[in-house]
Amino acid sequence: MVQTGAKPMRDKALSFFGLGYVGLTSAVCFASRGFNVIGFDTDPQKIELINSGKAPFYEPQVEELLREARRRGQLSFTDNPEEAVKGSDTTFITVGTPSNPDGSINLEQVKNASKQIGQALKGKNGYHLVVVRSTVTPGTTENIVKPIIESCSRKKCGESWGLCFSPEFLREGSAVNDTFHPDRIIIGELDRTSGEILEELYRTFYSSEMPKTIRTTPVNAELVKYANNAFLAMKVSFINMIANLCQKLPGADVEVIAEGIGLDKRIGPLFLKAGAGWGGSCFRKDLDALLDFALKNSVELPLVEAALKVNNTQPYRMIELAKGLIGELKGKKVSVLGLAFKPETDDMRDAVSIKIVKRLLEEGARVAVYDPKAMENARKAFGEAVEYAESVEDCLTGSECALIVTEWEEFRKMTPQNFIELMKIPAVVDGRRIYNAESFSPKLRFAAVGLGEKRYYNQH
Ligand code: UGA
């Protein structure tokens with residue numbers, strides 16, 4: 001049972017346009033704290049699924065909160081945009097902003113949502129607040145969303161309706177917790193009234209735990225989101241770059257370097273976990289969109305380019321390490337443990353596992369894969385090219401090398417003995433630094449990202 005401190009119904013009703021990770025998670029969280037919420041999505045099948053109490057993706061606590069809020073009658077879903085707008089006072093735009101093939105941002109869904117909201121506002125009485133929560137390039141809220149809603153509603157922004165941009169910072173795998181406990185709230189407001197209303201809404205939601213709030217222009221709020229993701233991606237790429245140097249230095253270990261620099265308050269310890277690289281639906285898409293946007297403004301962003309460059313080759317370090325342990329991979333069974341881009345999600349968008357599996361296949365390896373949650377998505381990504389294991393044990397049986405690609409709890413529990421008993425040749429490449437090298441190295445062939453060569457190569 002999730003403790004959300006649900007209170008009697010709040011007086012404001014909210015609608016969410018777009019029921020992906022951000023939209024559905026936000027909808028269930030607001031409903032759990034007593035707001036009346038309507039979720040809208042253009043996909044009727046998704047609505048049907050959600051109405052049956054199921055989330056279209058795996059995210060801890062979301063289904064539980066969904067069923068609870070529906071039982072209390074505070075959460076409903078529709079594929080009728082007018083119903084969603086007319087039944088609410090505030091509408092959050094939470095649709096996807098994917099990349100175009102050239103890396104630029106694709107705003108089609110944002111434009112469509114703006115049109116639908118504008119058309120519905122035409123026949124609605126009373127003040128309505130629209131909040132863009134999808135990640136959009138600077139200027140989008142003011143120069144794209146606002147004119148579309150104004151022309152479709154025939155109502156001027158700032159009079160009977162207001163507009164803000166307010167980014168989300170939730171991480172997949174901990175999206176519910178991040179929604180309830182954000183580090184800060186950013187409100188980019190086009191006029192004072194809309195900012196006041198949104199701040200009040202957050203105050204009701206967070207009550208005594210209201211995070212530090214910055215009220216600013218939409219353009220600043222839009223850029224905060226991009227700068228935030230770019231900085232995080234850069235931080236991980238930085239430590240991965242140092243990990244690659246450690247790899248060549250006998251006795252060096254990136255974990256110690258990360259701890260050492262992380263204790264400097266100016267750097268901080270988070271997002272310094274070296275590994276097989278970062279993935280997911282956000283970092284690459286947002287960094288590409290930021291670079292494209294900057295270029296169109298004649299500005300270069302070399303640090304952002306470098307973050308991408310490091311990450312492009314990082315997954316292949318796993319293959320090098322595997323070859324260092326067992327030689328050529330052709331004809332050998334290699335087990336890939338972990339396919340989701342991070343633990344506690346079934347999401348494989350831009351997951352490093354995809355690059356790793358493809359390269360293993362190119363090298364002629366027989367690839368067996370296992371993930372506690374992402375097997376369905378894996379089938380879509382790899383088709384008939386790999387063997388789908390039903391368990392870790394199944395995946396490792398008869399294998400000659402195991403690659404740890406996602407740090408699921410289930411894998412952390414494995415002991416050297418488990419690998420020795422199941423594998424034909426017990427060789428493990430730890431791509432997420434979940435094992436203690438001291439206890440693995442002497443017993444089996446072991447390599448880990450960012451661990452200096454001598455410590456394990458000399459053992460064999
Ligand atoms: C990221 C941001 O962290 C969120 O603040 C943001 O709201 C979200 O994007 C978004 O734009 O919607 P997310 O992509 O869900 O969230 O996941 P992260 O926890 O940031 O992890 C991203 C990738 O970096 C994962 O592949 C993870 O394994 C990797 N990572 C992260 C590392 O390799 N090392 C680290 O120290 C941290």
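The views below show a predicted model, in which local features need pLDDT of at least 70 and side-chain atom pairs count only at pLDDT 80 or more, while totals for chains, interfaces and linings use all residues. Residues are numbered from 1 along each chain as its sequence is written, and side-chain values use heavy atoms, with hydrogens and water left out.

View A. Two or more lining residues come from each of helix 7 (175-180), strand 7 (184-189) and helix 8 (192-206); helices (H or I, at least four residues) and strands (E, at least two) are DSSP runs numbered from the N terminus. Strand 7 gives the most, with 3 residues. By class, the lining has 8 nonpolar, 2 polar and 4 charged residues (Ala, Val, Leu, Ile, Met, Phe, Trp, Tyr, Cys and Pro count as nonpolar, Asp, Glu, Lys and Arg as charged, and the others, Gly among them, as polar).

**View B. Packing of helix 9 against helix 10.** Helix 9 (residues 218-246) and helix 10 (residues 254-262) pack at an angle of about 135°, their axes lying 9 Å apart (axes are lines fitted to C-alpha atoms over the stretch in contact, and angles run from 0 to 180 degrees between N-to-C directions). Helix 9 is therefore oblique to helix 10 (under 35 degrees is roughly parallel, over 145 roughly antiparallel, 65 to 115 roughly perpendicular and the rest oblique). Phe238, Ile239, Ile242, Ala243 and Cys246 of helix 9 meet Val254, Ile257, Ala258 and Ile261 of helix 10, contact meaning heavy atoms within 4.5 Å. This contact has 9 nonpolar, no polar and no charged residues.

**View C. Packing of helix 11 against helix 12.** Helix 11 (residues 283-296) and helix 12 (residues 302-313) pack at about 140°, with axes 10 Å apart. Helix 11 is therefore oblique to helix 12. Arg284, Leu287, Asp288, Leu290 and Leu291 of helix 11 make the contact with Val304, Glu305, Ala307, Leu308, Asn311 and Asn312 of helix 12. The contact of helix 11 with helix 12 divides into 6 nonpolar, 2 polar and 3 charged residues.
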